[in-house]
Every structure is written in structure tokens, then in C-alpha cells.
Amino acid sequence: MKQAIILTCLTVAIICTGTISISAQGNLSGSFETNSVYYLNDSRAGIIAPDDKTGSNNYFKLDYRYKKFSAGVQYEAYLPVLQGLPSTLRNSGLTFKYASFQDSNFSVTAGDFYDQLGNGLIFRAYEERAIGLNTAVEGVRLAYSFRNLVNVKGFAGRSREFMDRAASNVKGGSLSVDIASALRLERSTANAAIHIINRYVAYAGQEPIDPNVQAYSFTMDWTIDAFSFQGEYAYKSRDNSTYSNNRNKDGSALLLEIGYNTPGFGSSLTLRRLEYMQLGTTRGITGIGRDLNYLPALTKQHSYSLAMLNPHNTMGNEETGGQLDIQYNVKQGSLLGGKYGIPLSLNASTYYNLQGDVVNGYSFFTPGSTKYFRDINIEMEKRISASVLTHLFYANQQFNPMVIGKENSLYTSHTLAGDLRWQLKQAQSLRFELQHLWSKDYQKNWAAALVELSASPAFTCFIGDMYNYGDTNMHYYKLGGSYSFSRTRVGLTYGRSREGLICAGGVCLYMPAYTGLNLSLTSSF
Amino acid sequence: MKKYLLLGLICLLISGVSAQTQLPAVQLHTLKGETISSRSLLNDGVPVVLSFWSTICKPCIEELNVFRDQWTKWQKEVRFSMVAVSVDDARSVARVRGFAAAREWPFTVLLDKNQDFKRALNVNTIPQLYIIGADGKIVYSHIGYTPGSEKKVLDILKGL
């Protein structure tokens, strides 16, 4: 299979090459990214550097396009993988290769591809390099669009699992209909779709385990004037697996989203209920790089570091809750808005376990008694003058360490943060940031500060510190800079990083503390 | 087998290819839920400023706010359209509509929910901004935003 796919890629590439030399130029694009750390011993923080002192994640990607054909590869080298990321990412190799043909209403891809069905409740194949995640599927995918009214796609293949392939086969597809266009509704847009995924894992044992797991979902979205509605219901067949605690139980999920948006005001309310909806690439454990579907924490991702000390981690087996997000712009020229106006942002989210239990069944939406997470936060932006811009932020959070496998308790915190950017000249600016977190739980109080100097359009340098003075009396200092030129950016940072969850794209990974020098370089062409 | 693949790549390189100068064709979604092709962004026949952003990227939002604040003035100086491509995925895409509405961005906002367009243009870091000429060729790009860097964008647009 693998050889066949590579051969297909090569064939298309060579056909394209031949054509170029005869008639026209193709288009070659690509990118290079390296993220490397030189680790240091740090006796104050109890950090011991690994024996070879280094970690280096490297990605080189090439895409070639010629008219309706395209082909490409991605080469990855872990020399070795950065500490904290899955150690199964090792050595190097061509991890992604594809060839595809795309017409106005038809496309076919052979090789590796990324895709998502609906909101990802039953399937998402994607890449998130920051946490070493890549679940691309190697196989074949076909898509056809009938007058842009009916779209159908199907695929089959094997999911990537680190540097190898998962021991499973995946088949999936979807059918979507543009209802508003079909009914010629002028004020509305409306779409409906059904999605299906099948995962096959061979089983020859004596337990009553079905080698096939099916998941289905139905999505619907509707927008009329300022209102928008989106919903997805998903069902998963019985799945006897490690991540479902070996209970041969089916699962379901519901996602509802309602929005009302007019100029100067935006709002959305999202509700989600999950019951045994984890779906791994195999029946083993799930986690980074081993999930077939995507169940992100539906909470606000903050830009202030102290508000992200304890982010929520979705409990895919039983969770219910929601998020309310309101954006409002106090008009400029009004009494409160002043000369420049004031953008305000209010966000609240909370998640609980589902009432009931696995033996007697769960309620559909009613929360149980265990609170997993709560975050109520408000942020405002105020321009003082043409050259001074400020932000003010407050968050009240409750985090249950149960979501990362620790005891059931609640850490409550209050975080106040703000920053001020002062534009010194047309091309130079200074930014000051101050944060404080009050808590009586876990590591108690924290403070943080940062100063950043930018010289437009290319250069930035900063120095900052996060200080825990409630428990460990540890400083997490950072000093660094970056230089950007066209499509290239190079950054160098020295400092101490705390252990904890890092989250990228809604998926979180527990990272160990380290002290060291970090070089990052990204370039595309 | 890998050596054959590498051989194929070398064949491509020596055959005379150009670096990425054209927009790849990828499906994107409007805030109303319609599906459009990235190629249709060029339909207006004027230069396009393309900016990749997300609701969790503060410099991205600062850059887009600067374009909003200067929009009327700059449109009098040079004709161009602007498209802000949100790479928010299922975690935060619900916030995008409200974000754009509250900030009253006068330009088009599109959704790239599984980052297909981002990947096709080899964008690894956001914000990343492109200027695409009326002929569809990419004429400029930069990574990151620092206050004042929008001036260079305006200068390039005036030179097209």
C-alpha cells in the first residue's frame, strides 16, 4: 500500500515534470521550521538536563503545483524530540507525501491528507506541531460537488501514529446540502450534512469485542440577518477500549451554538454535552497523536500567561457545560467611549460531569456534582492617545486537577493583568505588561512582568519574569528577541519554563520544566 | 523507496519551477456559512491584502484594527480589498463572528477551520500577511506584526 502510494506520488510528480519542460513552469512552494533547545542543568529549580543537552524538532515541506495537479512531501527530523513531547517521535523520515488532482467540482488525493467531518466530534485529521501532533490519514480521498448544492466526499486509509501508522483502518465520508440555495432563500444561508466514520481494528481474542466502531453525526447551520445557529449531534457505537475504561459502551455528543451579531456587538452561546465520545486510532490509550476525533476544551484561550496556568482539559467520557462570549464596542464620541471608543469582551464558561453513572445511564444535559472548570473573565481595550494603547483584564477561575488525573478538588484564583503599549516613533514601540494571580490553593500567589521593545517591521526583544511567591519562590525568567524578514522569522529565547499544561489548538500536553536556550526559525517560499 | 521520491523531487527542482507566486485553490467558508474558493478572492480585479489571524492572537487583532482605523483614508489613496482569514478551529471558531461584528471590520472575514489554506500557503506562524497583485501574483509577505509595519504595506500597494 505504502509503496503504491509513493509510486503514485512519483508518477504524478514525474508527469508534471515532463510537462513543465515542454510547455510551462510549475509552481514549487515550501517551508522550513526548526524549534531547537539547548538544555541546561538548573539546581535551583531541580532541573537536570538530558545527557545530550539538546532537543530539536525540524520540518521541511515541499508542494508542487501544475495546473490541476499537485504533489508534495513533508520531511521531519527529531534530533531528538523536544523534552515533554511524545518520545515516540524519533529519528527522521518522509512523514507526509501526496498527489492530487483538483477540478472545479471534483478532487482526488492519493497519499496523506488532513480532513475534518463537521466540528470534529467524530473525526479530525490535523497537525499541531507545537505539541507534536499529526494525525494525517494515509490513503485515498475523493470529493465531488454537484453545482455547489450537494457535496459528497469519502476516504479510506490509516491514521498516522507518531512516526508510524496506527494498527487500524479508517473509512469515512459525508454528504452536505446547501438548503438555502436549493430553496432559493434570499435572506438566509442554511446547510445540513451527515457524516460517518468507521474504524476497524482486528481482534482475535475471546472477549465480545467488535473490531468495527462506527460513529455518525448530523450537522445543521442556519444564518438569517443577525442570528446564527449551528448544531451537531453525534453517536458512536459500542467501543470496548482502554480509553473508555474497557466498558463496552456506546457514546453520544451534542453541540449547539447560537449567535447574535450586529455592528458593534457580537455574542455567542455554545453548549456541549459529551458521553463516552473519546475515539482513539486504536483500542489502546488516547491522547496526543492517538485521537481520531477532536474534543477541544471550549473555553477562552487567554494571552496573559497567569490566566493560562491551569487550562481546562476536556473530559471526553462525561462532560456537560458551555461558554458565553460577548463582544461590545463602546462607540467613540460617546460619554464612556471617549475619543477612540472602548472594545469590551466578556467571556464565561463552565463544565461539570454528567448527572448519573455508566451503569444506570446519564442524564442528557443535567450537570452532576463535580465541577471541572469555570472561567469568568472580562477584558477592555482603551486607547489613551494616538501613541498609547492599554488593555485591562480580570479573570475568576476554578480548576479541578481531576481533569489532568489528579485528586478531585478545586483551585480558585483571581487574575488581574494589564499592558500598555507606547509608540515612541513611527517604527518603534515599547510594551509593558503586569499580571498578578491571587489564590489560596496549590501554589498560591503569582506575579509576572514583561517589557518588550519593537522596531518595525522586523525586530523585537523582550525580558520578562513569572514569579511564584506563594509556595515555591521560583522565578521563571525569559529573555529573548526575534527578527523577521519577508517570510522568514528567527527567534532566540533564554530562560526557565515551568512545568504544566501547554495547549495548542485546543489540545493540551503536560510539559516538564526546563531551563535552556531556544532557537526557532520558520521560513516559507 | 525513499531514494526514488528524492529523485523525483530533484527532477522537479532542476526542471525549472518558480517559487510560490500564485494563490492555491482551497475551499474557505464565509461567516454566513457559504463555501467559496480562495481563487474567488481575486475576482474584484484589485490588489488583495490577505491576513491570517485568530481570536487568540493579539498582534493579529492589532494589525487588523489598524487597517480598520485607516480604511477610509487608505481607500482614497489606493484601491485594494482585504481578506482576514481566521484559522480558529472548532475550539474558538464560534467567537469569530462576534469578534468581527463588534470590531466593525470593514473587510471580508473568512474561516479556514481545518487550516487547509494556511497549510497550502505554508504559513507556520501568524500573523502572516500577503499582498496579491490584481494579476493574482503574490508580491509581498511578512510574518508578525509590530506597530508601524502597516506603512510598508501601504507603500507597496501604492507601487502596484
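Student: In which loop of chain A is Asn246(A) found?

Tutor: This is a predicted model, in which local features need pLDDT of at least 70 and side-chain atom pairs count only at pLDDT 80 or more, while totals for chains, interfaces and linings use all residues. Residues are numbered from 1 along each chain as its sequence is written, and chains are lettered from A and ligands numbered from 1 in the order in which they are written. Helices (H or I, at least four residues) and strands (E, at least two) are DSSP runs, numbered from the N terminus. On that basis Asn246(A), which has a positive phi of about 55° although it is not a glycine, is found in the loop between β16 (227-239) and β17 (249-262) of chain A.

Student: Is Asn246(A) buried or exposed?

Tutor: A residue is buried if 20 or more other C-beta atoms, placed from the backbone, lie within 10 Å of its own, exposed if 12 or fewer, and partly exposed in between. Asn246(A) has 12 C-beta neighbours inside 10 Å, so the residue counts as exposed.

Student: What is the phi of Lys53(A)?

Tutor: Lys53(A) has its place in the loop between β1 (26-40) and β2 (54-66) of chain A, and with 12 other C-beta atoms within 10 Å this residue is exposed. Lys53(A) is not a glycine, although its phi is positive, at about 65°.

Student: Which residue does a cis peptide bond join to Ile126(B)?

Tutor: In chain A, the peptide bond from Leu79(A) to Pro80(A) is cis, with omega near -15°, and Pro80(A) lies in the loop between β3 (69-78) and β4 (91-102) of that chain. In chain B, the loop between α4 (116-120) and β7 holds Pro127(B). There the cis bond has an omega of about 0°, and the partner of Ile126(B) is Pro127(B).

Student: Which strands stand at the edges of the sheet in chain B?

Tutor: Counting two strands as paired if DSSP finds at least two bridges between them, chain B has an open sheet of 7 strands with mixed pairing and the order β3-β2-β6-β5-β4-β7-β8. Two strands of this sheet have a single partner strand each, so one side of each is left without a neighbour, and these edge strands are β3 (35-37) and β8 (138-143) of chain B.

Student: Which residue in β3(B) stands opposite Leu28(B)?

Tutor: Strand β2 (residues 27-30) of chain B pairs with β3(B) in the antiparallel sense, over 3 bridges. Within this pair of strands, the residue opposite Leu28(B) is Ile36(B).

Student: What angle does the direction of helix α5 of chain B make with that of β7(B)?

Tutor: Two residues are in contact if their C-beta atoms, placed from the backbone, lie within 7 Å, and axes are lines fitted to C-alpha atoms, for helices over the stretch in contact, with angles from 0 to 180 degrees between N-to-C directions. Helix α5 (residues 150-159) packs on the sheet and touches β4 (48-53), β7 (128-132) and β8 of chain B, and its direction makes with that of β7(B) an angle of about 10°.

Student: How are the buried residues of α5(B) placed around its axis, and what arc do they cover?

Tutor: The buried residues in question are Glu150(B), Val153(B) and Leu157(B). Taking the arc as that of the directions from the helix axis to the C-beta atoms, they lie on the same side of α5(B), since they cover an arc of only 50°.

Student: Which residues of the largest nonpolar core touch the most other members?

Tutor: A nonpolar core is a set of buried Ala, Val, Leu, Ile, Met, Phe, Trp, Tyr and Cys residues joined through C-beta atoms within 7 Å. The largest has 75 residues, and those that touch the most other members are Ile122(A), Met277(A), Val49(B) and Trp53(B).

Student: Which residues of chain B does Ser484(A) touch?

Tutor: Ser484(A) lies in strand β27 (residues 474-485) of chain A, and with 22 C-beta neighbours inside 10 Å this residue counts as buried. Not counting residues up to four places away in sequence, Ser484(A) touches Ala458(A) and Arg489(A), and in chain B His142(B), Ile143(B) and Gly144(B).
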